[in-house]
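Please keep the sequence and the structure in view while reading.

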Amino acid sequence: MITKVTHMCIYVLDQTSAYDFYVNKLGFKVHTDAPMGEGARWLTVTPPEQPELEITLFLVAEGGMFDKETVGTMTHLIKKGTFGAAVFTCHDLLATYEELSAKGVVFKKAPTKEFYGYEALFTDDSGNWFSLAQIES
């Protein structure tokens with residue numbers, strides 16, 4: 001039986017820019033940043049209160065897993081904002097929204113009351129979108 005998830009993948013268009021976004025804007029911690037040969041890099045970050053979950057910032061680039069056509073298609077879809085990659089939670093949505101906005105994070109939806117709590121939507125530097133939620137218990 002599967003017992004848990006240890007890694008999830010977010011496809012990014014530039015790992016250096018993604019590093020800056022996830023570490024310096026969102027406040028994630030770098031878990032692994034290791035060269036993988038031929039300009040490739042294994043880059044994982046973790047949410048501050050969830051170090052057991054590694055988020056792989058996986059570069060969409062030709063070679064390895066992706067051919068030229070796939071890279072073109074994925075790049076187009078990522079930039080278009082097609083992918084909603086995850087739901088992140090925080091303790092105080094309004095304060096987190098203000099803090100991240102001040103750091104340049106682009107929100108597509110301001111904090112709104114929903115049936116499950118409060119939610120805002122933001123995009124990363126590649127175009128992936130995320131829900132940021134404060135869940136009411």
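## Parallel pairing

Ala86 has Phe130 as its bridge partner in β8. This pair can be set beside the five bridges that join β5 to β8, two strands that run parallel; strands here are DSSP runs of E with at least two residues, helices are runs of H or I with at least four residues, both numbered from the N terminus, and two strands count as paired if DSSP finds at least two bridges between them.

The model is predicted, so that local features need pLDDT of at least 70 and side-chain atom pairs count only at pLDDT 80 or more, while totals for chains, interfaces and linings use all residues. Residues are numbered from 1 along each chain as its sequence is written, and side-chain values use heavy atoms, with hydrogens and water left out.

## Antiparallel hairpin

Strands β7 (residues 117–123) and β8 (residues 129–135) run antiparallel and are joined by seven bridges. Glu119 stands opposite Ala133 in β8, and Phe122 stands opposite Phe130 in β8. Five residues lie between the strands of this hairpin, where Gly127 takes a positive phi near 125 degrees.

## Sheet and helix

The open sheet has four strands in the order β5-β8-β7-β6, with mixed pairing. Because β5 (84–89) and β6 (106–114) stand at the edges with a single partner strand each, one side of each is left without a neighbour in the sheet. From one strand to the next, the twist averages 20 degrees.

Helix α3 (residues 93–102) lies across β6, β7 and β8 and runs at about 170 degrees to β6; contact means heavy atoms within 4.5 Å, and axes are lines fitted to C-alpha atoms, for helices over the stretch in contact, with angles from 0 to 180 degrees between N-to-C directions.
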